[in-house]
Number of protein chains: 2
Amino acid sequence: MNSRNVTNLRDVKSSSKLAVSDTDRLVDELRRRIVNNQMPPGSRIRESELAEEFSVSRSRVRDAFGILEERGLIERIPNKGAVVMRLEADSFLELFDVREVLEGLMVRLATQNTEPEYWDDLIELFGNDLEKAVAENDFNAYMSAIAEFRQSCINAAGSGTLRGLLDDIYDRVLSMTRRLMLVPGRASEGFRQHQEILQAMRSGDAELAEDLKRKNIRSARQWFLKYNDFLL
Amino acid sequence: MNSRNVTNLRDVKSSSKLAVSDTDRLVDELRRRIVNNQMPPGSRIRESELAEEFSVSRSRVRDAFGILEERGLIERIPNKGAVVMRLEADSFLELFDVREVLEGLMVRLATQNTEPEYWDDLIELFGNDLEKAVAENDFNAYMSAIAEFRQSCINAAGSGTLRGLLDDIYDRVLSMTRRLMLVPGRASEGFRQHQEILQAMRSGDAELAEDLKRKNIRSARQWFLKYNDFLL
DNA sequence: GAAAAATATATTGTTGACAATATTATCGGC
DNA sequence: GCCGATAATATTGTCAACAATATATTTTTC
């Protein structure tokens with residue numbers, strides 16, 4: 001967190017244009033590459049390479065590495081260098097556990113803090129068109145819809161603390177989320193679950209929404225467990 | 001999270017003796033000073049001062065600042081320096097919200113992963129002696145008991161991811177926890193709640209334990225709300 | 001020819017010097 | 001005496017050279 005309060009780096013950057021340092025840019029770009037699997041887990045990253053590519057001094061790269069390390073995206077081994085963190089099955093299960101409670105909290109707060117109409121746009125987004133797209137395996141459309149849902153919820157929840165925690169976790173599970181979507185049946189189930197959650201939110205039932213969101217993550221966890229041989 | 005997997009810095013350091021860098025030591029000491037209010041919120045911290053005091057180069061201090069910043073303990077303002085983060089009432093309420101779900105998860109997992117006997121020591125610790133101590137306002141005894149409870153739960157839960165999140169939050173709320181203890185009635189209520197939670201854990205009822213822990217945090221939140229004029 | 005030792009190379013870790021910026025002190029005008 | 005401009009100081013930000021460490025290569029020895 002930089003010129004920031006309790007919320008984390010990205011928020012402030014997106015809300016206040018100025019003061020994006022070299023380090024911040026580096027962090028952002030490396031984060032992008034990691035979550036897009038352009039730098040797959042286990043990849044070695046050399047400081048000097050990046051310094052040259054981005055035309056910055058090695059110190060900046062070093063600072064960026066420090067932040068990425070603290071976020072759990074890379075691992076630094078003294079005198080050996082940095083490698084993209086490799087997540088094991090255990091870690092994913094742990095992440096599912098914390099996601100269950102945190103995303104549950106997210107939708108509860110979001111529901112409590114908004115008028116029912118706030119959700120109409122999302123309900124429309126999760127309508128027949130998207131259902132068809134999901135049925136036809138258009139995962140990009142589904143992914144961006146999920147992302148929008150997530151973003152709207154975080155904004156509505158209005159907790160910088162929660163946003164910070166969720167953002168950190170999100171980076172670590174994104175690639176897995178995408179792979180999980182490929183498992184036959186998972187996407188359409190997830191779609192339906194999101195519809196149900198949105199209905200609960202629209203009707204203002206925060207407790208129900210929380211419960212449904214938790215069930216949603218728990219079911220994703222089940223699919224992961226069942227297919228983790230293929231997913232990891 | 002450093003030469004470390006998903007867990008965070010402190011864990012690894014405490015489990016593997018070697019490789020405690022200057023930076024790590026600095027982070028630890030500064031963290032201690034901040035949570036003990038030796039450096040109260042709003043305090044300005046100068047890099048060169050610390051560099052001299054610890055006989056390290058300013059770069060190390062800088063690295064440490066980066067980590068503390070990412071953890072939300074200090075705020076860095078470009079070209080102006082670092083100040084200890086000042087938490088507002090809103091932030092505390094946000095922290096209570098996330099604590100509620102995360103500590104709930106903590107006791108649920110802890111209960112699931114242990115044999116009933118695991119909790120006997122803690123149950124004894126939270127016995128008549130401690131009750132008397134609390135009644136006589138011996139807050140140090142109570143604080144360390146709470147800390148032990150917490151640590152046992154985290155260990156039993158066995159999730160590095162969760163531990164990392166809780167540790168981060170802990171640092172930010174410790175000073176508030178201590179102040180809240182001074183409010184007449186809060187300490188003894190908290191004590192009783194912990195006894196109940198321990199009973200639930202001892203009997204293996206994970207769901208109940210989670211529910212009780214959540215109620216525990218929620219009641220702390222209520223007290224905070226009621227007395228925040230005095231607490232902040 | 002294989003294993004061990006010694007050398008060479010590459011990469012990370014650390015530092016102190018310098019540049020950029022903000023804060024404080026000084027001075028002159030009214 | 002007070003306000004604004006300007007200089008002096010202090011503090012953070014950046015960098016490039018050097019040291020320490022690990023890895024790869026070559027040489028030596030049996």
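This is a predicted model: local features need pLDDT of at least 70, side-chain atom pairs count only at pLDDT 80 or more; totals for chains, interfaces and linings use all residues.
Trainee: Which base atom of DNA strand C lies 2.7 Å from an N or O atom in the side chain of A:R58?

Mentor: Among the atoms of DNA strand C within 4 Å of the protein, 73% belong to sugar or phosphate and the rest to bases. On the phosphate side, a backbone N or O atom of A:I45 lies 3.5 Å from a phosphate oxygen of DNA strand C. A:R58, listed with A:R62, B:S57, B:S59 and B:K80 as coming nearest to DNA strand C, has a side-chain N or O atom 2.7 Å from a base atom, and that atom is a nitrogen.

Trainee: How many charged residues are there in the surface near DNA strand C?

Mentor: From chain A, strand 1 (44–45), helix 3 (47–53) and helix 4 (58–70) each supply at least two residues of this surface, as does helix 4 (58–70) of chain B. The residues around DNA strand C number 17. By class they divide into 2 nonpolar and 6 polar residues, while the number of charged residues is 9.

Trainee: Which residue has a side-chain N or O atom 2.8 Å from a phosphate oxygen of DNA strand D?

Mentor: DNA strand D is surrounded by 17 residues, the closest being A:K80, B:R46, B:R58, B:R62 and B:N79. The distance of 2.8 Å to a phosphate oxygen belongs to the side chain of A:K80.

Trainee: What percentage of the atoms of DNA strand D within 4 Å of the protein belong to sugar or phosphate?

Mentor: The surface near DNA strand D draws at least two residues from each of helix 4 of chain A and strand 1 (44–45), helix 3 (47–53) and helix 4 of chain B. Its residues comprise 2 nonpolar, 6 polar and 9 charged ones. On the DNA side, bases account for the rest of the atoms within 4 Å of the protein, and the part that belongs to sugar or phosphate is 79%.

Trainee: Which helix of chain B gives the most residues to the side that touches chain A?

Mentor: In the interface, 38 residues of chain B are in contact with 38 residues of chain A, and the two chains bury about 3100 Å² between them, 53% of it on carbon and sulfur atoms. The rule finds 6 salt bridges across this interface, one of them between B:R214 and A:E210, with the closest N and O atoms 3.5 Å apart. On the chain B side, helix 4, strand 2 (74–77), helix 5 (89–112), helix 9 (160–182) and helix 11 (206–231) each supply at least two residues. The helix that gives the most, with 11 residues, is helix 5.

Trainee: Is A:D168, which meets A:R71 in a salt bridge, buried or exposed?

Mentor: The side chains of A:D168 and A:R71 meet at 3.9 Å, N to O, and the pair links helix 9 of chain A with the loop between helix 4 and strand 2 (74–77), 97 residues apart. A:R71 is buried, with a relative accessible area of 1%. The cut-off for burial is under 20% relative accessible area, so A:D168, at 19%, counts as buried.

Definitions and conventions:
Residues are numbered from 1 along each chain as its sequence is written. Chains are lettered from A and ligands numbered from 1 in the order in which they are written. Side-chain values use heavy atoms; hydrogens and water are left out. A residue is near a molecule or strand if one of its heavy atoms lies within 4 Å of it. A polar contact is a pair of N or O atoms within 3.5 Å; within protein, one must be able to donate a hydrogen and the other to accept it, and residues adjacent in sequence count only if both atoms are side-chain atoms. Helices (H or I, at least four residues) and strands (E, at least two) are DSSP runs, numbered from the N terminus. Ala, Val, Leu, Ile, Met, Phe, Trp, Tyr, Cys and Pro count as nonpolar, Asp, Glu, Lys and Arg as charged, and the others, Gly among them, as polar. Contact means heavy atoms within 4.5 Å. Buried area is the accessible area (1.4 Å probe) that two parts lose on being put together, summed over both. A salt bridge is a side-chain nitrogen of Lys or Arg within 4 Å of a carboxyl oxygen of Asp or Glu. Buried means under 20% relative accessible area, exposed over 50%, partly exposed in between (1.4 Å probe, protein chains only).
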